[in-house]
Amino acid sequence: MENLITPHFKFKEFACKDGTPVPEYLHYNMRMLAVNLEIIRAFTGRPIIINSAYRTISHNNKVGGAPQSQHLSCNAVDVHVKGMRSQELYNIIKSLMQRRAIEQGGLFLYENFVHY
């Protein structure tokens, strides 16, 4: 059985795209993100696909991430949902944040994903 953080999210989904796993000292942040993603998943009724979560400094630099990116501390994810426009997912996450159903945080809309 794969190493699960929550019922629908695996540790490997949060790993840096360069293959580096989330360091143990950031596991709390990762779990909090996963818990919030579970709430979003339950609300949409569809799987959430993680494009990017934790990033090492070198990978963040490689992809042009902000120097103080929340990805560096595993406090941010870029996500999408198959069959759902980014605007729709953005609106759902914004609504859930406004109702305090999920943690408050930066929310940015991109053409093919949402940064939360």
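I began with the histidine 115 side chain, and in this predicted model a polar contact of 2.8 Å joins it to the side chain of aspartate 78. Next I checked where histidine 115 sits, and its place is in strand β6. Is histidine 115 buried or exposed? I found a relative accessible area of 13%, and because the cut-off for buried is under 20%, histidine 115 counts as buried. I then listed its contacts, leaving aside neighbours within four places in sequence: His71, Ala76, Val77, Asp78, Gly106, Leu107, Phe108 and Tyr110.

On to helix α4, which I found at residues 86-98. Its 13 residues reach 18 Å from first C-alpha to last, close to the 18 Å expected at 1.5 Å a residue. Which residues of α4 are buried? I noted Ser86, Leu89, Tyr90, Ile92, Ile93, Leu96 and Met97. Looking down the axis of α4, I saw these buried residues fall within an arc of 160°, so they line one face of the helix.

After α4 comes arginine 100, and I noted its positive phi, near 60°.

Last, I turned to pockets. The largest pocket holds about 240 Å³ of space. I counted 14 lining residues, with Leu33, Asn75, Glu103, Gln104 and Gly105 nearest its centre. Which helix gives the most to this lining? My note says α2, with five residues.

Key: Residues numbered from 1 in each chain as written. Predicted model: local features only at pLDDT ≥ 70, side-chain atom pairs only at ≥ 80, totals over all residues. Heavy atoms only, no water. Helix = DSSP H or I, 4+ residues; strand = E, 2+ residues; numbered from the N terminus. Expected span 1.5 Å × (residues − 1). Buried < 20%, exposed > 50% of the residue type's maximum accessible area, 1.4 Å probe, protein only. Arc of directions from axis to C-beta. Polar contact = N/O pair within 3.5 Å; in protein donor to acceptor, adjacent residues only side chain to side chain. Contact = heavy atoms within 4.5 Å. 1 Å grid on protein atoms, 1.4 Å probe; cavity = no way out; pocket = protein on both sides within 12 Å on 5 of 7 lines; lining within 4 Å. Points joined across faces, edges and corners; volume = space filled by probe spheres on them.
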